[in-house]
Amino acid sequence: LTVTALHGSDTYAVGPAGSLGSLQLAEFLAVVSAYPDAESATQAAVERAAEALEAEVGAAVWPDAATVVGFPAGRAPVAELRAAATQRDRLLEVPGAGPCHIAVVPLDTEPAGHLLLARAEDPFTGEEVGLMRAMARVLALTLVMVGTISAERRLRERSEQQAEENDHLVRTLQDRQRLMESLSEIERAIARHDPIQSILDTITTQARGLLGADAALLRMLDPDDAGTLVLASANGVAQSAAQELARVPLAAAEITPPSFDRADLPGGLCTAMAAAVRESDEVVGSLVVASSRPDHRFTPADRQTLAAFADHVSLAVTDARTVQAMHAAFHDALTGLATRALFLDRLAAAALRRDRPTVGLLFVDLDRFKIVNDTMGHAAGDALLVQVADRIRGCLRAGDTAARFGGDEFAALLWGADLEESGRVADRIIEAVRRPYLVNGRQVYINASIGIATGVAGECDADDLLRDADVAMYHAKRNGKGRRQVFEPHMHEELIERMLLEADLRRALERDELVLHYQPIISLDSGRVTGFEALLRWHRPGHGLVPPAQFVPLAEETGLIVPIGGWVLAEACRQADDWRRRFGPGTSIEMNVNLSARQLEQPGLVAEVAEVLARTQLPPSALVLEITETVLHSNVEAASATLGALKRLGIRLALDDFGTGYSSLSCLQQFPVDIIKIDRSFVESGRDGGRSTAFATAIVQLGQMLNLETVAEGIESTEHLDALRAARCEVGQGYLFSRPVPADQAAALLNRT
Amino acid sequence: MAVGRSTDRDSYRAGAAAAAGALAHDDARLVLVFASVGHDPAELVRGVTDVTGRVPLIGASTSGEIAVEGPADRSVVVTVLGGPGFTVSVTASIDLASRQRAAGAEVAAGVEAVRGSEHQVLLLLADGMVGQQQEVIRGVYGVLGASVPIVGGCSGDDLRMESTWLLHDDRVLSNAVLGAAIGSDAPFGIGVDHGWRKVGDGLAVTESADGRVRRLDDEPALDVYLGRLGAPEAAYTDQDEFTRFALRHPLALRRRGGEEMRFIAGADLATRELLCVADVPAGAMVWLTEGDDQSVLSATDVACRSALDMLGDRPPIGLLAFDCVARRGVLGDEGIRQEIARIERQGDGAAVAGFYTYGEYARVRGSTGFHNQTLVVLAVS
């Protein structure tokens, strides 16, 4: 499907079937019904049907006659076409076109015939066959009416004075004109995509009026019960009576008089007839007209008219479904914004347009959305996205397009906007997104990070523009979130560097480039080593030893932290066990290993830890897993359960960077923590007139009250050490004692103690 | 296939010189003459036939001639198709305007004479001032069915829109259609593309009759057309300005296999209707379009490639281009030089001839095949 809309956020073109079918039928109807005789009407019908469906062959065949196009004149294989009309699963060999697919629909004439089309390469779709069926109906109607008119005309010629018959001729002609106008009106309504209910109501109204009936009812398949038809539209029936008619069995879909009796009709109506509504050969509904006059007789021509209306119900329903499918394909179901596909199409069109000098593109990513989604649930996340989408839409100018790319990523296409104008729109979006939201009765705050790229229309490439805006957004996010960033070419280099880093990091594990360094944890009283914290280093080829700050965030972001973290755990445990064996089982050395948020989310974490302990034979009590409090906020319940299970293995848990989060105390209460690690910022006293030291003291006292061990981090001077000793902190680590060192040097430290 | 050209102002001399340049073979089977409407057609054809003798001839006045040396005006381009592999039958049908369909059927009958050849094509040249050319295709298709592809173009008069002429052997005709049924032992290829981009959403033709598009989406067609395309003020009130604008913004008529372009020849400023040369039926879906030199030029490559692809691994001996004059309007003089250079490049040494037309014929699939504002290329192998 080609989406061709260039303006507006909610316009789109429809697919090849649906409304095109109704338009083609309108064209067909106008042409065929204009012919005064059966022969030329049939010829035109066959030609136009073939043209409408781009078929090579068109044929109307009866047992005693045939009209064929697509073969050299006089050489049409009529017998073969007649056979093909009844044996459908075959190909027709057409000179110049090769083997052709066949589609056949009945022609409801006397005698019965078939309309047949044959097309090279593409088989016919169900919708195309539906269109053919409607065309065949129009042709049959035309032939019946042309027959009636010529009969009347002959009669009239015999007896010019017979005024009554004269009137009849005029009436017949008028009826035909009214029917064609009425069908055209319905087709136009379908083409305009009028609301489906209004189209169905028009059909029942027109059918009732044109057939001189007192009531018209349309029943369609119950979507929940394929054996039952339910009322979809009624005309000339009181509301109470319509209720009575609400449900009938599917078998009643197509019944002709006189077998159609009062059984399915409300009071007062006695003569009726019904035509089936079909979609791809399946009966999906029934159109009924009924009269309250016992002497009313519906004629065969009336039956065909009703069938034509029933075909139009099918067209309308198919079209509505197509429009709905198109809308679904190109609009995000949750927010109603354009999808990525539609957006890209419009962006490509905008990039080509020369009548507007520039095009602006905003790439919008929400900050903190994941936290809301994880803590409040997906339904709340969805509700929030809907509100965000509305706000973004509200910030755009007329004609701009907003899209949701999935997750919490949005984009906006700004027609004719330069950098300045794009910046203004981005500011409006940031301001709008920043305002508080009410979700499930709670106030929620999020931010938007926006990347901006602009291009010169007619010169820029849509893909490049999108990539630039994406890169700029990434920079905005890294620079502090809730801000906008205009794309600059150097960002690409940084992005490429980052991609190289990621590629190397992925290979680092298998190439044995990762290594652990160990920083001793010291008893502040005795100076003895009580344990080590395992810290990751990377020997990146060509770059030397890379500190964790340069690659751990990327590993977190990409999920590589999970395998890497697993390796760290196993290696640290192996090393600890090795030392225990070397320095005697009595050596009480603890190994501290950091656990990332991603690892904590892994369902297999507890089993993995248990497996490592079993394999290395390290006593669980010798392992300390360090967790930062931000890790614990993302999903409190799950984290609590995992930590509980880890504790049951016998290992101990340390809360890292304690004091830096806003809910440190509640963490102590919520999670089964054994050790508090005092953040280095409280250890580096002096700069703030002793407040930090006071804080460190308070943390130590808190630990004592809660029976938790406290470990001070970042001890770099004897002043730090003295202050901590004074605060009665028992254990610590820092450069004053040792930097993190390779395993052999760590072993030497152990040796010394 | 060989091509000769002359820019001599004297029609007789021009015809003779171009024909002499094209007569590379002894066994010429068909002579095609594409010449400026400014030439005296009777003198021109006398000059050509004095060189080519009684070889079947068809020709047309143009809105610009195409040959390997590039485009030209006031020139004559003569193409001679010859060799033992070809058989040709030429037919003319007159009074086209009142009987397009019957005329189409008449020229199609000429194909019978070349039925013995393995490959056939029907080359049509029709008077570009006559409307309802789709009926010609219906007439042809009624006789040939899918068995023979159709290709060709409609004569022009340098956009004067007054009168054009056709040449059939030694006769000068107007209001006519000519058919050259060509049979060959090697395949033909036909490529079609236009290069116009759709603007905005599709519009339903809610009222239309006899080439007058009255309403689009139930609004006056002219206002919808000018408004949605952001036409300049002058196009609303000045007929010439409108025509200039419309030349670059044809309608795209929706078809299952793509679009058929429709040239808007004028507007009725009083009734707010669009006047089209070819049929734009009520109930059809159309798009407004725009084009620029790049989009139009890229269509040139597409049309040539698809024509050449149909030849399989056989090299082309010639390419005939039937190129809408409106595409020429968009490309400008420099653009059409580039366009013809592209055709030449695609042909890789094959002879190139053709002209700027008032309508193009191409039927390869299905049963329709009258185009506007389109490039049709016939590759001969």
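User: In this predicted model, what span should the 12 residues of helix α2 of chain B have?

Analyst: Helix α2(B) covers residues 41-52. The expected span is 1.5 Å times one less than the number of residues.

User: Which residues of α2(B) are buried, and what covers them?

Analyst: Buried here means under 20% relative accessible area. In α2(B) this holds for P41(B), L44(B), V45(B), G47(B), V48(B), T49(B) and T52(B). The cover over these buried residues includes, from chain B, α1 (11-22), β2 (28-36), β3 (57-62), β6 (76-82), β10 (166-168) and β11 (171-173).

User: Are helices α13 and α14 of chain A roughly parallel or roughly perpendicular to each other?

Analyst: The axes of α13(A), residues 462-478, and α14(A), residues 490-508, are 10 Å apart and meet at an angle of about 75 degrees. Angles of 65 to 115 degrees count as roughly perpendicular. The two helices are therefore roughly perpendicular.

User: How many charged residues does the contact of α13(A) with α14(A) have?

Analyst: On the α13(A) side, the contact residues include R467(A), D468(A) and R478(A), and on the α14(A) side they include E494(A) and R498(A). By class, the contact has five nonpolar residues, two polar and, as charged residues, five.

Notes:
Residues numbered from 1 in each chain as written. Chains lettered and ligands numbered in written order. Predicted model: local features only at pLDDT ≥ 70, side-chain atom pairs only at ≥ 80, totals over all residues. Heavy atoms only, no water. Axes fitted to C-alpha atoms, helices over the stretch in contact; angles between N-to-C directions. Helix = DSSP H or I, 4+ residues; strand = E, 2+ residues; numbered from the N terminus. Parallel < 35°, antiparallel > 145°, perpendicular 65-115°, else oblique. Contact = heavy atoms within 4.5 Å. Nonpolar A, V, L, I, M, F, W, Y, C, P; charged D, E, K, R; others polar. Buried < 20%, exposed > 50% of the residue type's maximum accessible area, 1.4 Å probe, protein only.
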